[in-house]
Amino acid sequence: MPILKTENLSVEFNGFKALTDLNFTLEKDELRVILGPNGAGKTTFLDLISGKTKPTAGKIYFNGEDITSYGASQIAQRGVGRKFQGPNVFANLTVYENIEVSLKGYHRIAQSLFKKKDKAAMEKIHHILEQIGLSQKSQHLAYTLSHGEKQWLEMGMLLAQDPTLVILDEPTTGMTASETYKTGELIQTIFKGKSLIVVEHDMSFVRQIAKKVTVLHQGRHLAEGTLQEIENNAKVQEIYLKEDVHA
Amino acid sequence: MRKFLLSSEKLIGVPLVLFLFCVPLFFNAFQVNLMGKFIIFALLAISLDLVWGYAGLLSIGHAVFFGLGGYIIALSYTFQNGTPSFMKRFGIEEIPVFMQPLTNIPTAFILGLIIPAVVAALVGFFILKSRVTGVYFSLITLIMAALFQMIVINLQAYTGGFNGLMGLPRLPLFGKPFSLTTFYYIVLFVTIAVYFFAKALTRSHFGKVLMSIRENEERTGFLGYDVSNYKIVIFTISGLIAGLAGMLYVSMNGFVGPSDVGIALSMSVILWVAIGGRGTLMGAVVGAIGINYLSNSLSESFPEIWYLLVGIVMVLVVMFLPDGVYGSFKKWLESRNASA
């Protein structure tokens with residue numbers, strides 16, 4: 001059974017068709033990169049599967065369960081974790097607290113009020129801080145971090161959330177080349193054993209991590225295959241040359 | 001390297017509590033009564049700080065919960081001598097059935113906690129479940145305050161109307177009212193206890209979720225938290241504390257009137273919390289006691305222009321100390337300790 005499946009997924013904003021009849025399947029443990037020029041519907045697609053936006057037509061299945069009508073928190077509780085475009089951390093909380101609040105298993109109010117954090121939970125937080133290289137700054141307020149560090153902190157929050165499907169929306173925006181490379185390594189090591197969807201523009205980064213790629217164009221599915229197949233695909237070359245953007 | 005790094009909370013809190021403990025020893029009854037009221041205002045400020053400072057919900061109607069608690073216990077006091085005269089004037093000879101439970105003071109005391117909490121829960125449920133946020137939440141609570149004040153004034157037969165309720169005793173839970181000094185210490189202990197309760201709450205995972213909501217509501221939802229439920233719970237807890245404050249207030253003040261339930265008081269609480277420094281609890285306490293103390297001494301020394309002076313202080317704080325007096329002090333001390 002695929003971990004994520006969409007059937008004829010469509011969404012319209014005031015008559016504008018942001019996404020049309022999208023059929024998408026992601027297998028367990030797969031890493032999929034989504035490409036497409038601006039306005040292709042990449043972020044809209046992520047909004048739909050993470051429950052931020054509701055589709056006008058079509059279905060979304062997560063592990064076989066129909067999640068089409070669920071809200072963001074319900075979908076998150078089922079194991080979908082999302083990193084937004086650009087850093088989106090809790091600015092006035094410490095790095096440690098950012099991880100802590102992301103920790104899986106405290107969603108219910110009773111749990112958040114009365115469930116004590118045992119040694120295992122504490123160790124998990126420290127382990128995550130080590131993985132993302134922010135152990136030294138655990139007591140710093142998140143807004144004092146550099147842009148790259150904030151992005152990594154977000155990765156750490158995703159780790160703490162421990163989702164089965166990880167969604168990364170442009171995880172390397174605004175990063176230097178070396179930070180980007182480090183992020184690529186980080187993604188491959190820390191999210192091992194999880195299914196991933198990554199939206200990214202940076203082609204060197206895509207080359208570093210991609211196995212299978214899906215290309216969207218004007219809200220429709222354009223092509224799918226290995227990176228090499230995609231790069232040699234005439235339709236893909238056409239839209240990228242025509243629009244003269246990216247890659 | 002300095003070994004003893006005092007937290008700002010201890011540095012301010014300990015002397016403040018010591019001072020408040022000594023008040024009945026050195027001051028006259030009028031001043032003890034006044035300081036008692038200021039402590040109760042601090043309790044009310046704590047309740048607002050929980051929702052505004054931690055969850056980011058600016059309630060402009062917090063005096064409603066305060067007033068609900070206050071009126072419930074005040075009605076109970078007036079029922080002790082049979083049907084009160086303001087009711088008889090409207091031809092009500094018997095205490096109405098729905099007010100019968102208030103004839104017993106301990107029952108009324110419990111209702112004075114439950115009813116504000118239930119009202120807060122209901123208001124919270126309807127506003128927050130329909131995803132009303134930000135300024136709209138504030139506006140609705142503002143309207144709630146105006147409405148509640150009007151109801152209190154207009155339902156004269158049941159509330160005493162514009163004149164309020166007078167001659168109230170100091171919480172005769174066990175038959176006899178407390179002496180001023182005893183009641184002052186009760187108020188002080190209750191406030192300290194609630195302070196530590198609120199502190200434990202904000203330090204729990206629950207409290208951290210609240211702060212996350214304040215920082216970035218959408219992101220918190222994507223972590224799997226049902227954001228509106230969290231807001232409703234803290235609003236309810238806050239309503240209960242405000243109700244408790246209201247009951248203590250009328251018992252200390254001996255009087256409750258429409259001005260204790262409306263927009264004016266709600267606004268004042270917001271100012272106390274803002275000037276003290278929101279999201280710190282101690283800031284709310286410092287703000288409430290400080291502003292009231294200042295207003296009071298300035299009104300004694302400069303009866304003509306004291307309001308202006310208080311206003312100037314407020315403007316200066318907002319302009320130069322956006323984190324509030326205590327909040328700025330805390331930040332300064334923390335950065336100093338970090339570099340020490």
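Student: What distance does helix 8 (residues 180-203) of chain B reach from its first C-alpha to its last?
Tutor: Helices here are DSSP runs of H or I with at least four residues, strands are runs of E with at least two, and both are numbered from the N terminus. Helix 8 of chain B has 24 residues, and the expected span of a helix is 1.5 Å times one less than its number of residues. The expectation is 34 Å, and the helix comes close to it, reaching 34 Å.

Student: What pLDDT do local features need in this predicted model?
Tutor: Residues are numbered from 1 along each chain as its sequence is written, while chains are lettered from A and ligands numbered from 1 in the order in which they are written. As this is a predicted model, totals for chains, interfaces and linings use all residues, side-chain atom pairs count only at pLDDT 80 or more, and local features need a pLDDT of at least 70.

Student: Which helices are included in what covers the buried residues of helix 8 of chain B?
Tutor: A residue is buried if 20 or more other C-beta atoms, placed from the backbone, lie within 10 Å of its own, exposed if 12 or fewer, and partly exposed in between. In helix 8 of chain B the buried residues are B:Phe183, B:Tyr184, B:Val187, B:Leu188, B:Thr191, B:Ala198 and B:Thr202. Their cover includes, from chain B, helix 1 (8-26), helix 2 (29-54), helix 9 (205-215) and helix 11 (227-253).

Student: Which strands stand at the edges of the six-stranded open sheet of chain A?
Tutor: Two strands pair if DSSP finds at least two bridges between them. The sheet has the order 6-7-8-3-9-10, with mixed pairing. One side of each edge strand is left without a neighbour in the sheet, because each has a single partner strand; these are strand 6 (80-83) and strand 10 of chain A.

Student: Why is strand 9 (residues 212-217) of chain A largely enclosed by the rest of the structure, and what is the bridge partner of A:Arg32 in this strand?
Tutor: Five of the six residues of strand 9 are buried, so the rest of the structure largely encloses this strand. With strand 10 (residues 220-226) of chain A, strand 9 pairs in the antiparallel sense over six bridges, with A:Leu216 opposite A:His221. With strand 3 (residues 31-35) of chain A, strand 9 pairs in the parallel sense over four bridges. In strand 9 of chain A, the bridge partner of A:Arg32 is A:Lys212.

Student: Which residues is A:Thr43 in contact with, leaving aside its neighbours within four places in sequence?
Tutor: A:Thr43 lies in helix 1 (residues 42-49) of chain A and is buried, with 20 other C-beta atoms within 10 Å. Contact requires the C-beta atoms of two residues, placed from the backbone, to lie within 7 Å. Beyond the excluded neighbours, the contacts of A:Thr43 are A:Gln85, A:Asp169 and A:Val199.

Student: How many residues of chain B are in contact with chain A?
Tutor: Chain A brings 21 residues to the contact, and chain B brings 20. On the side of chain A that touches chain B, helix 2 (72-77), helix 3 (95-102) and helix 4 (109-114) of chain A each supply at least two residues. The number asked for, on chain B, is 20.

Student: What percentage of the residues of chain A count as buried?
Tutor: Chain A comes to 10 helices and 10 strands, and its C-alpha trace spans about 55 × 40 × 35 Å along its principal axes. Of its 247 residues, the part that counts as buried is 43%.
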